[in-house]
Amino acid sequence: PSAHARAASVYCRGALLDAVQRARLFDDAKHFVDMPMRHDPEKILRAFDALAPEARADPAQLRAFLAEHFDEPGAELEPHVPAGCPEEPPFVTKGCVSDPALKEFAIALHKLWPTLCRVTAPAVEAAP
């Protein structure tokens with residue numbers, strides 16, 4: 001199976017996803033699916049299958065399981081400043097925006113990009 005199909009066995013269906021969603025461990029239902037796996041999906045699912053039914057239903061034990069097998073969302077990403085990113089957007093410097101308030105807004109918005117841009121960490125590239 002492809003890497004996507006293998007990941008889907010954890011994040012898109014099955015007993016682990018069901019247990020996490022039913023336990024309502026996170027304020028955001030999407031939190032779990034944003035947590036990168038620390039191990040191969042098959043290893044994680046075998047470990048989950050080995051848990052007693054009571055452990056699967058216990059929020060504290062489920063949290064401990066997740067802490068052992070998953071990282072926090074975003075851990076697989078690193079900050080990145082795109083090469084050649086101009087200090088001001090070209091459409092502003094070329095005079096395409098004449099309204100001073102819109103120009104100020106465009107510049108402020110553009111300055112956010114270096115803090116928002118992320119790339120996949122090399123460890124993920126090596127072992128997706």
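**Notebook: a predicted protein model**

**Entry on Pro79.** I began with Pro79 and looked up its partners beyond four places in sequence; Pro79 is in contact with Cys117 and Arg118. I note at the outset that the model is predicted. Pro79 lies in strand β1. I looked up its accessibility next: the relative accessible area of Pro79 is 64%, so this residue counts as exposed, the cut-off being over 50%. Pro79 and Cys96 are 17 residues apart along the chain, and their C-alpha atoms are separated by 30 Å.

**Entry on the whole chain.** I turned to the secondary structure and found nine helices and two strands. Read from the N terminus, the order of elements is α-α-α-α-α-β-α-α-α-β-α. I asked myself why the protein is described as more spread out than a compact globule. The radius of gyration is 21 Å, whereas the globule rule gives 14 Å for 128 residues; the value is well over the rule, so the protein is more spread out than a compact globule. I also recorded the box filled by the C-alpha atoms, which is roughly 65 × 30 × 20 Å along the principal axes.

**Entry on surface and contacts.** I looked up how much of the protein is buried, and the share is 22% of the 128 residues. The accessible surface comes to about 8600 Å², and carbon and sulfur atoms hold 59% of that surface. I next considered contacts with a separation of 6 or more; residues 24 or more positions apart account for 70% of them. For the charges, I noted 14 positive and 19 negative ones, with mean positions 3 Å apart.

**Entry on the nonpolar core.** Which residues have the most contacts inside the largest nonpolar core? I found Leu16, Val20, Phe32, Phe65, Leu66 and Phe70, in a core of 16 residues. The elements giving two or more residues to this core are α1 (3-11), α2 (15-23), α3 (41-50) and α5 (59-69). Helix α2 supplies the largest share, four residues. I then followed Leu16 and set aside its neighbours within four places in sequence. Leu16 is in contact with Val10, Phe32, Ile44, Leu45, Phe48, Phe65, Leu66 and Phe70.

**Entry on His69.** I located His69 in helix α5. Is His69 buried or exposed? Its relative accessibility is 5%, and since buried means under 20%, His69 counts as buried. Not counting residues up to four places away in sequence, His69 touches Pro36, Met37, Arg38, His39, Ile44 and Ala47.

**Entry on two loop residues.** I looked up Arg24 and found it in the loop between α2 and α3. The phi angle of Arg24 is near 50 degrees, a positive value in a residue other than glycine. The relative accessible area of Arg24 is 71%, so Arg24 is exposed.

I then moved to Gly74, which lies in the loop between α5 and β1 (77-79). Gly74 counts as partly exposed because its relative accessibility is 35%, a value between the 20% and 50% cut-offs. How far apart in space are Gly74 and Asp34, C-alpha to C-alpha? I recorded 7.3 Å for this pair, although the two residues are 40 residues apart in sequence.

Definitions and conventions:
Residues numbered from 1 in each chain as written. Predicted model: local features only at pLDDT ≥ 70, side-chain atom pairs only at ≥ 80, totals over all residues. Heavy atoms only, no water. Rg over C-alpha atoms; globule rule 2.2 N^0.38 Å. Buried < 20%, exposed > 50% of the residue type's maximum accessible area, 1.4 Å probe, protein only. Contact = heavy atoms within 4.5 Å. Areas by Shrake-Rupley, 256 points an atom, 1.4 Å probe, with all protein chains shown as cover. Lys, Arg positive; Asp, Glu negative; His and termini not counted. Charge placed at Lys NZ, Arg CZ, Asp CG, Glu CD. Core = buried A, V, L, I, M, F, W, Y, C linked by side-chain atoms within 4.5 Å.
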